[in-house]
Amino acid sequence: MNKRIDLHMHSLFSDGELLPSELARRALKLNHEAIAITDHVDWSNVDTIPAIQDAIDDINANWDITVVLGAEVTHAPVESIDGIAARAKELGARIVVVHGETLNEPVTPGTNRAAVESENIDILGHPGLITLEEAELAKEHDIYLEISARKGHCLGNGHVANVAREVGNKLLVNTDTHSPDNIITFEKSYEIALGAGLTHDEAMKAIVDNPRELLKSKGIKL
């Protein structure tokens with residue numbers, strides 16, 4: 001049976017509702033193999049990233065789930081995205097997401113471009129109406145594009161899937177979890193991938209192969 005991997009989740013250390021331990025426990029009960037806790041950061045709070053490392057170490061030592069320390073650079077000025085991401089990595093974030101130009105929030109134009117030009121970004125979350133040029137840069141810098149399970153952010157999924165197919169980008173299906181009801185099963189993630197227009201093989205790459213590949217590239221063994 002396939003286990004789920006979700007590399008975009010939030011705890012109450014940003015605007016999520018759950019402690020890292022409860023987030024991990026609920027994910028474990030829904031058959032997750034690994035999750036990344038990617039709380040929102042800008043220059044005001046990026047130095048707090050290590051605050052949950054002890055909790056992550058405790059979870060990883062005692063439960064059958066891998067929890068990864070991450071961060072999501074969110075609504076930052078485009079000129080600051082790369083610097084914040086670099087600082088996040090210095091502080092121990094293994095996975096850095098950028099809050100992309102979703103269709104349902106007033107994200108600053110140019111955010112997608114700044115993200116895909118950075119060598120410190122791993123995932124461009126919910127990138128909305130990403131352009132072919134931006135997708136080409138993401139591919140060049142080995143940045144994964146997100147198919148989002150989250151209400152509102154999912155509006156761009158079909159467009160993201162089509163662009164990724166044309167350019168050859170690697171996709172991930174993430175939830176951007178903020179509350180317990182946002183955590184989904186493997187089966188639901190597969191449905192979301194198909195709903196975005198992916199084929200069976202493309203969907204399985206996005207929910208099985210690609211997240212494992214990204215974690216492996218960070219030296220994280222499952």
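**View 1. Thr 111 and the backbone oxygen of Thr 108.** Let's start with a polar contact in this predicted model: a polar atom in the side chain of Thr 111 sits 2.7 Å from the backbone oxygen of Thr 108. Thr 111 itself belongs to helix H4, which covers residues 111-116. Is Thr 111 buried or exposed? With a relative accessible area of 3%, Thr 111 counts as buried, because that value falls under the 20% cut-off. Leaving aside residues up to four places away in sequence, Thr 111 touches Val 78, Ile 81, Val 98, His 99, Gly 100 and Glu 101.

**View 2. Asp 6 in strand E1.** Strand E1 runs over residues 4-9, and Asp 6 is part of that stretch. Asp 6 has a relative accessible area of 0%, so Asp 6 is buried. Which backbone nitrogen does the side chain of Asp 6 reach? That would be His 8, at 3.1 Å. If you skip residues up to four places away in sequence, the residues touching Asp 6 include His 32, Ala 34, Ile 35 and Ala 36, and also Asn 174, Thr 175 and Thr 177.

**View 3. Helix H8 and its kink.** H8 spans residues 200-217, 18 residues in total. From first C-alpha to last, H8 reaches 25 Å, close to the expected 26 Å. Look for Ala 206: a kink of about 40° is centred there. Ala 206 is also one of the buried residues of H8; among the others are Ala 203, Ile 207, Val 208 and Pro 211. After the helix comes Gly 219, with a positive phi near 80°.

Key:
Residues are numbered from 1 along each chain as its sequence is written. This is a predicted model: local features need pLDDT of at least 70, side-chain atom pairs count only at pLDDT 80 or more; totals for chains, interfaces and linings use all residues. Side-chain values use heavy atoms; hydrogens and water are left out. Helices (H or I, at least four residues) and strands (E, at least two) are DSSP runs, numbered from the N terminus. The expected span of a helix is 1.5 Å times one less than its number of residues. The bend at a residue is the angle between axes fitted to the seven residues ending there and the seven starting there. Buried means under 20% relative accessible area, exposed over 50%, partly exposed in between (1.4 Å probe, protein chains only). A polar contact is a pair of N or O atoms within 3.5 Å; within protein, one must be able to donate a hydrogen and the other to accept it, and residues adjacent in sequence count only if both atoms are side-chain atoms. Contact means heavy atoms within 4.5 Å.
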